[in-house]
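Please read the points below beside the sequence and the coordinates.

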Amino acid sequence: MAHEDCIFCKIIAGDIPSAKVYEDDQVYAFLDISQVTKGHTLVIPKTHVKNIYETPSEVASELFARVPRIANAIKAAYKPVGMNLLNNNEAPADQSVFHIHIHLIPRYGEGDGYSSNWNVHTEDYTPEDLQTMAAEINSEIK
Ligand code: 5GP
Ligand code: ZN
C-alpha cells in the first residue's frame, strides 16, 4: 500500500521523477539525488514500510534478495574498489525518508567522499559483559 505523504511511494508510482536503476514487481532501485559517490543507489520495497523495525520478514527477504545483483551491476558499470551498504533507522540515526531503503555506496578509494567514523569501545566491555548483553538481546527476540 502506498503512503500518501511518502516521496519514495511517489517515486515508485512515477509521480516524482527518478533515475531508475532496476524495477520488478516487489522492488525499485534508483540513484540517490545526493550522490555520495558515483552510482550511489537506493533499493526500496514497493510495499511502504517505515523502517527496519516495521519490515515483515518476507518484505526484507525480497528486498535484500535483489541487492547482490544491483551491487554487481554497479561494480560492473563503474569498477569501484569496494562498496558499503547502509540502512538508517529513525531520525537520530540519520533516517530522513521514512520508507525503508538500503543505500549502496560504491567506493573509489581514499577521499572518495564517503566517511564513517566509528569510535570503538572495546575496552569498556569484558567478555562476560558481551555474554550478558547477548543473552539480554536474545531474550527479546520474538
Ligand atoms: P536517509 O537519510 O533516510 O537514509 O536517506 C534518504 C536519501 O534519500 C538521502 O540520501 C536523499 O538524498 C535521498 N532522497 C531524498 N529525496 C529524494 C528524491 O526525491 N529523489 C531521490 N532520487 N533521492 C532522494
Ligand atoms: Zn513509501
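**Notes on the predicted model**

1. Just after α2, K79 takes a positive phi of about 50°. This is a predicted model, in which local features need pLDDT of at least 70 and side-chain atom pairs count only at pLDDT 80 or more, while totals for chains, interfaces and linings use all residues. Residues are numbered from 1 along each chain as its sequence is written, chains are lettered from A and ligands numbered from 1 in the order in which they are written, and side-chain values use heavy atoms, with hydrogens and water left out.

2. Helix α2 covers residues 57-78, and its end C-alpha atoms are 32 Å apart, in agreement with the 32 Å that its 22 residues should span at 1.5 Å a residue (the expected span being 1.5 Å times one less than the number of residues). A kink of about 25° lies at V67, shortly before the proline P68; the bend is the angle between axes fitted to the seven residues ending there and the seven starting there.

3. The buried residues of α2 (buried means under 20% relative accessible area, with a 1.4 Å probe and protein chains only) are V59, L63, R66, V67, I70, A71 and I74. These buried residues pack against β1 (20-23), β2 (27-31), β3 (41-45), β4 (82-86) and β5 (102-107).

4. F30 lies in strand β2 and, at 3% relative accessibility, counts as buried. Leaving aside neighbours within four places in sequence, F30 is in contact (heavy atoms within 4.5 Å) with residues including F8, I11, V21 and L42. The C-alpha atoms of F30 and F8, which are 22 residues apart along the chain, are separated by 10 Å.

Notes: Helices (H or I, at least four residues) and strands (E, at least two) are DSSP runs, numbered from the N terminus. Buried means under 20% relative accessible area, exposed over 50%, partly exposed in between (1.4 Å probe, protein chains only).
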